Amino acid sequence: MHSNLQAAYWFIGVLVAVIAVGLAALYTLKLRDIRRRQAAEAYQAKHGDWFTYVLANLDGEEPLYPPPGSLKPAELRVIQDKLIVWIEQLRGAQQAKLIALCERMGLVERQLKRLESPFEWVKLDAAYYLGCMRSHQAVPGMMKLLASMRFSPMVFIVGRAIAKCARHTEELRDMVHLLLSHKKESQPLVADILAESDLDYSAMLETFLRGGDADRVRLALAAMQKHSLAGSGDLLFKLTASDNADIRLEASKLLLRDAAVVTEERARKLLAHPDADVRAQAAQALGRLGLKPCVKLLRTSLADAEWQVRYNSAKSLAKLGEEGFTALCEAAEEETGAVAETARTVIQEEMKSHESPSLGRSVEWVAVRDMQRFVYGNFFGQKELLSDR
Amino acid sequence: MRELLLGYGSVAMYYVMAVTLIYFTILFFSYKGVYSMIKGAVYSRFQSLSGSESAPPVSLLVPAYNEELTIIENVKSLLTLNYHTYEVIVVNDGSKDNTLQVLIDAFRLVPKEDETIRYSIDCTPIRQVYHNPAYPNLYVVDKPNGGKADSLNAGINLSHYPLISSIDADSLLEKDALIRMARVYMENPAETVAIGGNVRIANGCTIRDGVVADVKLPKKIWPMFQTLEYMKAFLGGRIGWSHINGLIIVSGAFGMFRKSAVIDVGGYRDGYPGEDMNIIIKLHRHMLENKLPYRVAYCPDAVCWTQAPDTYRILSSQRKRWGRGNLKNMLENRDMLLRPKYKVFGLLTMPYNVIFETLNPYFKLTGLLALIGYVAMDMTQWRVLLTFALINFLNGFVMAVGSLVLEELAFRRYTRMRDLVKMTAFSALMFLGYYQLGVLWRLQGHIEFLRKNNSWGVMTRQSWNQEPSGGDAQAVAQSGKIA
Amino acid sequence: MSKRLEAKRLNEVMYEKVVERFWRSDESARGEPCGILLVRCPQSFEETTREIRTRLEAELERSVEAVTVANREAAFLLFGVAWSRTHYLALRVKQELMRLVPGEFAIMIADAGEHAERNPRAFEKMADLFAQLPEAPEIVIFQEHVQPGGTQSVLLVDGDEEMRRYLELRFRLKGYRVLAAENGPQGLDLFRKMKPDVVVTDLNLTGMDGFHLLTRLHREDPNASSKIVVFTDNRVEESINKCFELGVADYITRPFSPVELEERIEKLLQ
């Protein structure tokens, strides 16, 4: 028993010691935090006039000057953080002027030195600030840092910093290569990081699209969400036959954004695509794009094996003017089984949506309603309700 | 007899020590994990990211049962999150009060007829979907009562986006909560199936325009204890568990899921509390059985403020419910226990939960009784009893201090010195009564389970309290809730 | 009464100096910028102005024209010094004042503008405003502008206080009347009351979702007599389309160029 009690006493001793250390750390941290916050507030108040000067004089040739007098390191940090916020909010000449101010104040140089630090967390911090200050000089150092890091949220921070500083597309390409090497399918985020760059990287995206590497193709597709590539229609259409389901889907989605590249032939192929998702997407897009020549194709797709494709085709037909709605009513009248059922569901939805109050009613809306009511009347009579059939 | 009692008491003592050591390991992982989580968040500009096309659209699912008093304010607040594309789907689970009608009136909703719902998961058939084009991101689903899990499933069936996020109808999200979570998802979409959010207690905070404007500690003791308890669980525990991918629960109050993964496991389970733990267990099981790489992540900077129960009755009922849910989930998934196939989850998380969560009341109570019995036979041995009590107390306190340090390092939500003093004092007090009550409630929950009591227990809603300070300040209603 | 008189005299002496300079200078120097620094300090006036003058002269490396009245107000006329430099010199002067007469001073910057010699009214206004300034350690900016379209008003709705203050400053300097609201309901309220010419609003607001605010504004003002500009971080195509459907006149994303923002607003107001 004594040995048990002895163990317990030891344990208690250790716990008490740990608690004492913990509490000491806790209160030290708290005091430090409170002091820092007060200092930051005091510095902000002290330099309030200077900040007003900076913001009021962002235009014009005259450079901006640092606050008069000497600055303590903590003071400089507070000023740096505030300048960073504005650099990130602004574009163009005003942003450049703030960056020039940071250089004049020696902030860039300071951070470049920190980038050489042996500690990773110091380097990360420096990379973040250098990224915000668009220091091209820092790119090699940041690239080395990025290459040495294991996967964690921090790799994207460094990647973003590089994208901001890069002045050559090769640098962007290297950065992308390093980020994609972790294989986490984070292409949308990488695309967002690329968008930080002022460079024109369309050529890079095009090589990615043409090259066979699936990860790079995915990245190019993700980047094209906001950065559309002129003349990429053919490439996209080719990619709808890719080996990867997500690439097929994404490529068809991008292709179907632009009515100009959706030829009838392509629409036909997409509606007969082996992937149900692609078919559903195509069926939906044809209505959205208002491609009236595709009414026949959609009419055929009403007989698709997949519910979503049938439903989207019917919805699109309802959007394609008199011709489309007539085709839909025909299907409801003449066909049987799933085709007729889907057509009826959608017709019913359309007719009901005309009755709902409080919707904004434009002239076009009224015209469409009247047309649909007319066609509906021709097929089913004025009074007969579809639900009664 | 005495020897036996003492022997058992010693075992119980070692048990407590073992708990401490394991807690410590987890806390260590928390410290390790929190660094990159926090730095990653500090260096991100959420304001800008929230407007980027690269952030995936999200469907927020809000199950509502008898929430007429608070639902309007909460929906209004949910509609103003900082995120480019998301929808709020409120599921009225056959409320007995006027939840549906107040929603219809406040947002001038009309039945939405031009959409047909596909039932990809089984749920009680939906009666009607309501919508108003002037609030394009809001949908209200009306369906007969079927429970919380059923409501979530109905919401999933209607949802239009690839990510879903479940939120309790009485919780408030911080404006950035969604984009912070989405960032965690975007960094690793290949593996992330679920992300947990950080739940904090809003009692005592000032709420303005549906936003927590001033963070203060609760004035009443029940919520105060829970504040510390949540901090300990979320910061000290979940960050660490997520670091080794062994997280067993994503709070029902705020979590995000990949919709396809939830559909793959058949949605939420019905008819029993603890559906939030259940879905995570099912996800672990599904991914491990199919040998897919995955992670259940945790995002401590995505904050959801919730109103904690502030009376003994509601709190005890909530805790009994948790006890029942926990036991049910453990029994249902006992096959995962210690099976190498289930990796960290089967070898660590499950045993930990069974031994230190589910069976905790039994060990502690019996150990205590054994030692009391032993001492009763020989009063000269009172030291043994005291030692046992002291170890128990210090064990709890050291963990509480550990999580307070973590909070101070990474989040600093309570900025004032006197808040910290109060928190330290209450952390100590917590292990002189409150903690023991928790053990008791869990035990009562187990008894209820064995009696097949399957009710949800007491849950009340009170109307909005006016904070004394400031004219437009409001506090959210009191309620019992599922964490 | 006496204050008023002093003010008159300050502007008179300033104006005299400007006219004198105009006649003395040759063609090339005409139309040069002229920054003006006005300082008031009731205590140890002479010593303080002397110090300031030395300071300014050291800074600019040449002599500086100064006029004083009633032993408490001084104006430094910085011929050939641009606006931005004047503003910076004011920071220096303020630093000096803080050392010499802490808290007991008022400081204002202005510029004489083009053809100041033909515009005594500008100096009068400047001196009047200066006379009313309370003594506080804050640099006040005076700018008399040729206003582009009378007093056109801009309503800013943005939750970010710094952004609001910055835009307010810029729009004021451009001569607009600026109203600012920090959340949706406040914005709607101000819109109803003041009927501004332009609304610049974020989509990410508290109290009301941005799209809903646009819907409400559209309903209040179906003929779009107030132009609405969305100024937001939201760069998603669909959001942009949705905004234009709701009758928005322009959509500007952040990060932004302030010059471009102002140009686009000016264009809307033409």
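Predicted model: local features only at pLDDT ≥ 70, side-chain atom pairs only at ≥ 80, totals over all residues.
Chain C has 270 residues, and 40% of them count as buried. Its secondary structure comes to nine helices and ten strands, and its C-alpha trace spans about 65 × 45 × 40 Å along the principal axes.

The UniProt annotation, from an unreviewed entry, marks residues 153-269 of chain C as "domain: Response regulatory". That span is 48% helix and 21% strand, and its end C-alpha atoms lie 10 Å apart.

Now let me zoom in on a helix of chain C, H2(C), which runs over residues 45-60. From the first C-alpha to the last, its 16 residues reach 22 Å, close to the 22 Å expected at 1.5 Å a residue. Which residues of H2(C) are buried? They are C:Thr48, C:Ile52 and C:Leu56. These three sit on the same side of H2(C), because they cover an arc of only 65° around the axis.

Turn to the face pointing away from the buried side, and you find the exposed residues C:Glu46, C:Glu47, C:Arg50, C:Thr54 and C:Ala58. After H2(C) comes C:Glu61, with a positive phi near 60°.

H3 brings us to the neighbours of chain C. On the side that touches chain A, 22 residues of chain C are in contact with 20 residues of chain A. H3(C) supplies the largest share of that side of chain C, eight residues. By class, the side has twelve nonpolar, four polar and six charged residues.

Next, chains A and B. Here 48 residues of chain A are in contact with 46 residues of chain B. Several helices of chain A give two or more residues to this side, including H6 (120-132), H8 (153-165) and H10 (187-194). H1(A) gives the most, with 17 residues. The chain A side divides into 28 nonpolar, ten polar and ten charged residues.

Is it enclosed or open? Twelve of its 13 residues are buried, so H8(A) is largely enclosed by the rest of the structure. Among those buried are A:Phe156, A:Val158, A:Arg160 and A:Lys164. Their cover includes H6, H7 (139-148), H9 (169-180) and H10 of chain A, together with H1 (2-42) and H6 (177-187) of chain B.

Let's stay with A:Val158 for a moment. Leaving aside neighbours within four places in sequence, A:Val158 is in contact with A:Leu124, A:Ala127, A:Met142, A:Leu145, A:Leu146 and A:Met149. In the largest nonpolar core, which has 308 residues, A:Val158 is also one of the residues that touch the most other members, along with A:Leu130, A:Leu328, B:Val62 and B:Ile280. The element that gives the most to this core is helix H13 of chain B, residues 382-410, with 13 residues.

That's my tour, and I'm happy to go back to any part of it.

How values were computed:
Residues numbered from 1 in each chain as written. Chains lettered and ligands numbered in written order. Contact = placed C-beta atoms within 7 Å. Helix = DSSP H or I, 4+ residues; strand = E, 2+ residues; numbered from the N terminus. Nonpolar A, V, L, I, M, F, W, Y, C, P; charged D, E, K, R; others polar. UniProt positions renumbered as here; feature names shortened; annotations may be inferred. Core = buried A, V, L, I, M, F, W, Y, C linked by C-beta atoms within 7 Å. Buried ≥ 20, exposed ≤ 12 C-beta atoms within 10 Å, placed from the backbone. Expected span 1.5 Å × (residues − 1). Arc of directions from axis to C-beta.
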